[in-house]
Amino acid sequence: MPVLSVVIPRLKTNQLRWSFSGAFEARQSLIVRGLFPMLADPRHPAESTSATNESVLKVALDHGKASGVIKSHDRVVVCQKVGDASVVKIIELED
């Protein structure tokens, strides 16, 4: 089964220069067969809140539909980090 991996990039600074992390990790995952990485909007905060998790999930599902990886009425297994806990849920997509 295909796996869609969402990487949320982070901007870091050491007061002299800015650096961007996330693109390298997404590129590295391209070597794994069946893994489709995507970079999320870097404006999402690094802290995971319910609203942030849901907006990232919606973007990922929309991207999966647009790329043909998932279709309407498919069941999708979602693994995400919520605070310090890891959550696994199964959702069925609607039209």
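**Figure 1. Salt bridge between Asp62 and Lys58 in the predicted model.** The side chains of Asp62 and Lys58 form a salt bridge with an N to O distance of 3.0 Å. The model shown here and in the other views is predicted. Asp62 and Lys58 are 4 residues apart in helix H2, so about one helical turn separates them. Asp62 is partly exposed, because its relative accessibility is 38%, a value that falls between the limits of 20% for buried and 50% for exposed. The count of salt bridges comes to 3, and the other views include those of Lys89 with Glu54 and of Arg75 with Glu92.

**Figure 2. Salt bridge between Arg75 and Glu92.** An N to O distance of 3.9 Å marks the salt bridge between the side chains of Arg75 and Glu92. Arg75 belongs to strand E5 and Glu92 to strand E6, so the pair ties together parts that are 17 residues apart in sequence. Arg75 is exposed, with a relative accessible area of 67%. Glu92 has a relative accessible area of 46% and is partly exposed.

Figure 3. Lys89 forms a salt bridge with Glu54, in which the closest N and O atoms are 3.3 Å apart. This pair links distant parts of the chain, with Lys89 in strand E6 (residues 85–92) and Glu54 in helix H2, 35 residues apart. Both ends are partly exposed: the relative accessibility is 26% for Lys89, and the relative accessible area is 39% for Glu54. The side chain of Lys89 is also joined to that of Gln80 by a polar contact of 3.4 Å.

Figure 4. Apart from residues up to four places away in sequence, Gln80 touches Asn53, Ala85, Ser86, Val87 and Lys89. One of these, Lys89, lies in strand E6, and its side chain makes the polar contact of 3.4 Å with that of Gln80.

**Figure 5. The largest nonpolar core.** This core consists of 6 residues: Leu57, Leu61, Ile70, Val76, Val78 and Leu93. Elements H2 and E5 each give two or more residues to this core. Beyond its neighbours within four places in sequence, Leu61 is in contact with Ile70, Val76, Ile91 and Leu93.

**Figure 6. Val69 in the loop between helix H2 and strand E5.** Val69 sits in the loop that runs between helix H2 (50–67) and strand E5 (75–82). With a relative accessibility of 22%, Val69 counts as partly exposed. Which residues does Val69 contact, leaving aside its neighbours within four places in sequence? They are Pro2, Phe36 and Gly64. Val69 and Phe36 are 33 residues apart along the chain, and their C-alpha atoms are separated by 9.0 Å.

**Figure 7. Ser29 in the loop between helix H1 and strand E4.** Ser29 is placed in the loop between helix H1 (23–28) and strand E4 (35–39). Although in a loop, Ser29 counts as buried, at 12% relative accessibility. A polar atom of the Ser29 side chain lies 2.7 Å from the backbone oxygen of Ala26. Leaving out neighbours within four places in sequence, Ser29 is in contact with Leu35 and Pro37.

**Figure 8. Nonpolar surface patch, with the chain as context.** The patch is formed by Leu11, Trp18, Phe20 and Leu39, which together have about 470 Å² of accessible area. Leu11 is located in strand E2 (residues 10–13) and is exposed, with a relative accessible area of 56%. The protein chain as a whole exposes about 7300 Å², of which carbon and sulfur atoms supply 57%. Of its 95 residues, 23% count as buried. The chain holds 2 helices and 6 strands, in the order β-β-β-α-β-α-β-β from the N terminus. Among contacts between residues at least 6 apart in sequence, 42% join residues at least 24 apart.

How values were computed. Residues are numbered from 1 along each chain as its sequence is written. This is a predicted model: local features need pLDDT of at least 70, side-chain atom pairs count only at pLDDT 80 or more; totals for chains, interfaces and linings use all residues. Side-chain values use heavy atoms; hydrogens and water are left out. Buried means under 20% relative accessible area, exposed over 50%, partly exposed in between (1.4 Å probe, protein chains only). Contact means heavy atoms within 4.5 Å. Accessible areas come from the Shrake-Rupley method with a 1.4 Å probe; for residues, only the protein chains shown count as cover. Patches are made of residues with over 30% relative accessible area and no salt bridge: like charges are joined within 9 Å, nonpolar side chains (Val, Leu, Ile, Met, Phe, Trp, Tyr) within 5 Å. A salt bridge is a side-chain nitrogen of Lys or Arg within 4 Å of a carboxyl oxygen of Asp or Glu. A polar contact is a pair of N or O atoms within 3.5 Å; within protein, one must be able to donate a hydrogen and the other to accept it, and residues adjacent in sequence count only if both atoms are side-chain atoms. A nonpolar core is a set of buried Ala, Val, Leu, Ile, Met, Phe, Trp, Tyr and Cys residues joined through side-chain atoms within 4.5 Å.
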